[in-house]
Amino acid sequence: MTYDLDGRCVVITGAVGGIGTAMIEAFAARGARLALVDIKDPSDVAAQLGPHHAGWTCDLAQPAEIARVTAEIGARMGIDVLINNAGLGIVAPAEKMRVEDWDRTQAINLRAPWLMAVGALPYLKASGRGRVVNIASQAGIVAIAEHAAYGASKAGLIGLTRVLALEWARFGITVNAISPTVVDTPMALVGWSGEKGERAKAAIPVGRFARPAEIAHAAVYLASAQAGIVTGENLVMDGGFTIQ
């Protein structure tokens with residue numbers, strides 16, 4: 001089975017590096033037109049992909065920037081698929097978490113996906129087959145030490161996913177989430193390397209972290225026509241960690 005996304009505009013936040021790079025490769029390989037959004041300028045990455053792709057710089061903690069970027073993308077390219085991939089992982093014991101770090105975590109991980117989706121809504125409606133995929137986390141399902149802010153934001157994102165799915169189904173729009181375990185990216189491995197990382201892998205039944213391409217290919221499926229009946233779901237990709 002192939003998932004044909006030829007000509008569809010796919011917006012990817014957090015597009016530069018890590019899971020974002022895997023998303024770019026997976027969606028570009030299926031003919032999508034990509035609108036890349038990142039706090040680092042993704043224009044060069046978009047240019048390397050070809051003339052049908054474009055990049056936007058955006059600080060997702062700033063609601064006005066989100067409104068500008070979604071409007072610009074929609075007017076220029078339309079929006080068929082939104083991948084809310086950008087995330088912030090500041091970890092600390094709950095009693096030591098700084099208020100400003102808590103607030104920025106919620107702004108990037110929870111408020112921004114809501115505002116991106118709302119900004120994209122007119123174009124998702126016009127698409128006739130709109131798709132939203134939110135990258136959540138196993139930390140939104142089970143408790144992980146020092147993840148109070150992160151876990152709260154991802155639990156909220158899963159809840160947001162379900163509400164948007166319920167409200168927007170009548171427009172032909174599906175909204176789903178993906179909740180990975182630790183994903184094998186340079187950013188994630190800053191906090192999950194060495195002995196700590198080995199202990200974490202040992203606690204996962206399959207014995208390893210997720211690969212970025214695995215998350216990207218799941219997003220491709222949820223963005224495809226074949227997943228038209230799937231909405232409001234949270235696809236847990238954690239190697240069995242949360243079933244224990």
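Predicted model: local features only at pLDDT ≥ 70, side-chain atom pairs only at ≥ 80, totals over all residues.
1. On a 1 Å grid over the protein atoms alone, a pocket is taken here as an open set of points where a 1.4 Å probe fits, with protein on both sides within 12 Å along at least five of seven lines, and its lining residues have an atom within 4 Å of a point. Grid points are joined across faces, edges and corners, and a volume is the space filled by probe spheres set on the points.

2. Residues are numbered from 1 along each chain as its sequence is written, and side-chain values use heavy atoms, with hydrogens and water left out.

3. The second largest pocket is lined by Q138, I144, T181, V182, W192, K196, R199, A200, A203, I204 and F241. Sorted by class (Ala, Val, Leu, Ile, Met, Phe, Trp, Tyr, Cys and Pro as nonpolar, Asp, Glu, Lys and Arg as charged, the others, Gly among them, as polar), this lining has seven nonpolar, two polar and two charged residues.

4. The largest pocket has a volume of about 1200 Å³ and is lined by 41 residues, of which G87, L88, G89, M187 and A188 lie nearest its centre. Its lining has 22 nonpolar, 13 polar and six charged residues. Helices here are DSSP runs of H or I with at least four residues, numbered from the N terminus; α1, α4 (99-127), α5 (148-168) and α6 (186-189) each supply at least two residues of this lining, and the largest share, three residues, comes from α6.

5. Turning to helix packing, α4 and α5 have axes that come within 8 Å and cross at roughly 15 degrees, where axes are lines fitted to C-alpha atoms over the stretch in contact and angles run from 0 to 180 degrees between N-to-C directions. The two helices α4 and α5 are therefore roughly parallel to each other, a label given to angles under 35 degrees. In contact (heavy atoms within 4.5 Å), residues of α4 including W102, W114 and L121 meet residues of α5 including Y150, L157 and W168. This contact of α4 with α5 has 15 nonpolar, five polar and one charged residues by class.

6. Helix α3 (residues 63-77) also packs on α4, their axes coming within 9 Å and crossing at roughly 30 degrees, and α3 and α4 are therefore roughly parallel to each other. Among the residues making the contact are P63, I66 and G74 of α3 and R111, L115 and Y123 of α4. The residues of this contact of α3 with α4 divide into nine nonpolar, three polar and one charged.

7. Helix α1 (residues 19-28) and helix α8 (residues 212-223) pack at an angle of about 50 degrees, with their axes 8 Å apart. Contributors to the contact include I19, M23 and F27 of α1 and P212, H217 and V220 of α8. By class, the contact of α1 with α8 has twelve nonpolar, one polar and no charged residues.

Note on methods
Parallel < 35°, antiparallel > 145°, perpendicular 65-115°, else oblique.
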